[in-house]
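Dear colleague,

Please find below the structure that I am handing over to you.

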Amino acid sequence: MCGIVAYLGDKQAYPILIKGLKRLEYRGYDSSGVALINGDLNLYKRKGKVAELEKFAKGKNVEGTVGIAHTRWATHGEPNDVNAHPHTSQDKNLAIIHNGIIENYNVLKEELINRGHVFESETDTEVLIHLVEDVQQNENVDLVEAVRIALNQVVGAYAMVIISKKDDGKLIAAKKGSPMVIGVGDNEFLIASDATPIVEYTRKVVYLEDEEMAVMERGKELQLKSISNIKHTPYFQELTMNLDVLEKGGYDHFMLKEIFEQPTSIKETMRGRLRIDDGVVWLGGIREYTAKLKNAKRILMIACGTSWHAGLVGEYLFEDLTRIPVEVEYASEFRYRNPIITEDDVVIAISQSGETADTLAAIKMAKEKGATILGICNVVGSSIPRHTDAGSYTHAGPEIGVASTKAFTSQVTILTMMALMIAKERGTISRSRYHQLVYELETIPEKVEEVLKTNDIVKKISALYKDSRNFLYLGRGYNFPVALEGALKLKEISYIHAEGYPAAEMKHGPIALIDEEMPVVVIAPKRGHYDKLVSNIQEVKARKGKVIAVVTKGDVDVAKIADHVIEIPDVDELLVPLIATVPLQLLSYYIAVMRGCNVDQPRNLAKSVTVE
Ligand code: G6P
């Protein structure tokens with residue numbers, strides 16, 4: 001949460017910083033700000049989106065070749081102009097941007113107040129910059145050393161950059177817990193929370209490690225050291241990201257673009273791993289852990305949000321195919337409930353961003369207790385993959401819409417491949433079933449393409465139900481997680497209350513809600529528990545509920561009783577989640593758009609939840 005960008009070089013910093021902030025708005029967008037040094041320190045901050053900041057800064061002095069900028073998701077203090085970053089030191093010489101939480105800020109603040117410091121905002125970040133200033137004055141050290149000493153007094157997480165009016169040729173950055181990437185170009189340095197603001201200027205990057213500091217000076221090489229003062233040699237990596245994935249490419253919203261990208265993103269997830277010529281699945285990233293997985297007494301899937309739903313599909317897949325017991329855990333619950341973890345457990349952490357604080361903390365805990373940790377993440381070089389023993393990237397490409405779409409189908413694709421690979425190793429799948437699933441998995445991108453053709457039907461249905469106040473989503477077996485995901489998607493972006501339920505559980509409660517006002521989305525493909533779902537649909541209809549059913553192409557039984565049907569191609573039961581999720585994504589998208597909601601940046605949400 002919160003996005004940070006910084007620039008030092010020959011170019012004007014302001015346009016680079018604003019463009020960078022827009023790329024990072026997925027991380028939070030309740031207020032933003034920029035600080036530039038050009039003789040003076042010019043600071044502009046505004047409540048609201050980056051566009052508000054731009055309007056505010058128009059016509060003002062935005063000159064300067066060094067600057068820092070921030071887009072905020074409020075933790076300490078409400079979103080307003082004062083609490084927005086950057087924050088400054090008491091003497092207004094230093095400015096800071098920060099992503100993370102300083103947990104002991106209250107204690108530090110009290111000490112600083114006793115020493116005469118006066119604070120303008122309610123933020124923990126302002127405390128940090130005052131602390132740096134205090135250390136510099138009292139210990140009589142240079143700024144870099146002051147930052148290092150101050151960071152040793154801090155408990156919590158940070159990705160922060162400091163600039164100084166007295167020294168406009170320098171950026172000082174540090175990180176712990178929150179992500180940070182440094183781009184090194186020709187006579188220029190860029191810093192950001194992820195690589196998207198950097199890639200069009202340079203592809204040469206360094207991912208900062210926890211408790212590492214970086215000093216960037218004009219005309220000098222990048223200098224790294226630990227906060228315990230040990231010099232580090234930078235490990236440069238090459239960005240492979242394609243620039244057009246960062247643009248809307250003709251779509252009205254990133255979310256719609258990302259929904260339509262799924263045939264390609266799923267293909268990318270399978271590339272080189274589904275070797276169709278020899279009919280084999282091979283995930284190179286977990287190769288060395290095949291035996292560990294094969295012999296695991298238990299698999300724990302740990303995740304949050306949409307990724308947790310992918311984990312639930314994973315549970316069905318793994319238990320079905322590998323016969324290894326699986327538990328799916330909300331990371332936030334798992335880490336605080338004293339769970340039983342043994343060395344025979346394999347934990348699979350699932351995360352699009354690779355930064356979710358609870359997931360990260362949960363895997364650190366499981367690792368300490370001796371479990372093997374594997375990751376399924378989308379953002380390359382993010383924190384979670386760096387804390388796992390091994391893993392498989394989803395390679396779905398950057399996902400910018402806050403509501404996760406293509407990341408989910410790619411996570412499920414990896415889980416399917418992993419389950420197939422382990423089932424083969426364990427001998428829990430027959431040769432013919434293995435080959436059938438491998439070949440059918442390979443056709444999923446074209447099946448998704450076909451599902452996307454339901455776009456217009458889904459749009460029409462959306463128009464009919466856009467004013468509904470509640471929605472119920474029902475599914476059984478593999479489609480129960482799909483129902484949960486459909487409901488989550490609708491809640492997130494349209495603000496309509498929606499619940500996902502196992503269809504048979506409806507009669508233990510939610511059935512009481514059903515009347516002519518209640519749309520019920522039922523995922524009812526031919527494969528699975530079709531007859532039982534038909535009965536559930538009858539139960540809804542008997543109470544005058546409106547049924548929107550996702551059915552297999554050519555279905556007649558459900559079509560006779562449902563109010564609306566959305567047809568999807570016939571695929572194996574295990575693979576249905578990969579295609580049945582897609583019309584539900586479209587449904588929430590169109591309903592949200594028709595209700596005038598900001599689908600890419602829904603209220604109160606952030607894409608990367610780096611606080612617990
Ligand atoms: C946030 C996002 C969700 C996402 C969840 C988990 O709530 O808005 O879309 O599913 O975090 O994020 P992760 O990056 O770990 O998958």
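A cavity here is a set of points, on a 1 Å grid over the protein atoms alone, where a 1.4 Å probe fits but cannot get out; a pocket is an open set with protein on both sides within 12 Å along at least five of seven lines, and lining residues have an atom within 4 Å of a point. Grid points are joined across faces, edges and corners, and a volume is the space filled by probe spheres set on the points. By this rule there are 2 cavities of 30 Å³ or more.

This is a predicted model, in which local features need pLDDT of at least 70 and side-chain atom pairs count only at pLDDT 80 or more, while totals for chains, interfaces and linings use all residues. Residues are numbered from 1 along each chain as its sequence is written, and side-chain values use heavy atoms, with hydrogens and water left out.

The cavities

The largest cavity holds about 100 Å³ of space. Its lining consists of 15 residues, and Cys2, Trp73, Thr75, His85 and Gly100 lie nearest its centre. Strand 6 (94-99) and helix 4 (124-139) are the elements that give two or more residues to this lining; helices (H or I, at least four residues) and strands (E, at least two) are DSSP runs, numbered from the N terminus. The lining comprises 4 nonpolar, 9 polar and 2 charged residues, where Ala, Val, Leu, Ile, Met, Phe, Trp, Tyr, Cys and Pro count as nonpolar, Asp, Glu, Lys and Arg as charged, and the others, Gly among them, as polar.

The second largest cavity contains about 40 Å³ of space. Among the residues that line this cavity are Arg476, Tyr478, His529 and Glu573. By class, its lining has 4 nonpolar, 3 polar and 3 charged residues.

The ligand site

The ligand sits in the second largest pocket, meaning that more than half of its atoms lie within 2 Å of the grid points of that pocket. Around the ligand are 14 residues, of which Ser307, Ser351, Gln352, Ser353 and Thr356 come nearest. Helix 9 (residues 305-322) gives the largest share of this shell, 3 residues.

A polar side-chain atom of threonine 356 lies 2.4 Å from an oxygen atom of the ligand. From the backbone, an N or O atom of valine 402 lies 3.3 Å from a ligand oxygen atom, and a polar atom of alanine 606 is 3.0 Å from an oxygen atom of the ligand.

Definitions and conventions:
Near = heavy atom within 4 Å. Polar contact = N/O pair within 3.5 Å; in protein donor to acceptor, adjacent residues only side chain to side chain.
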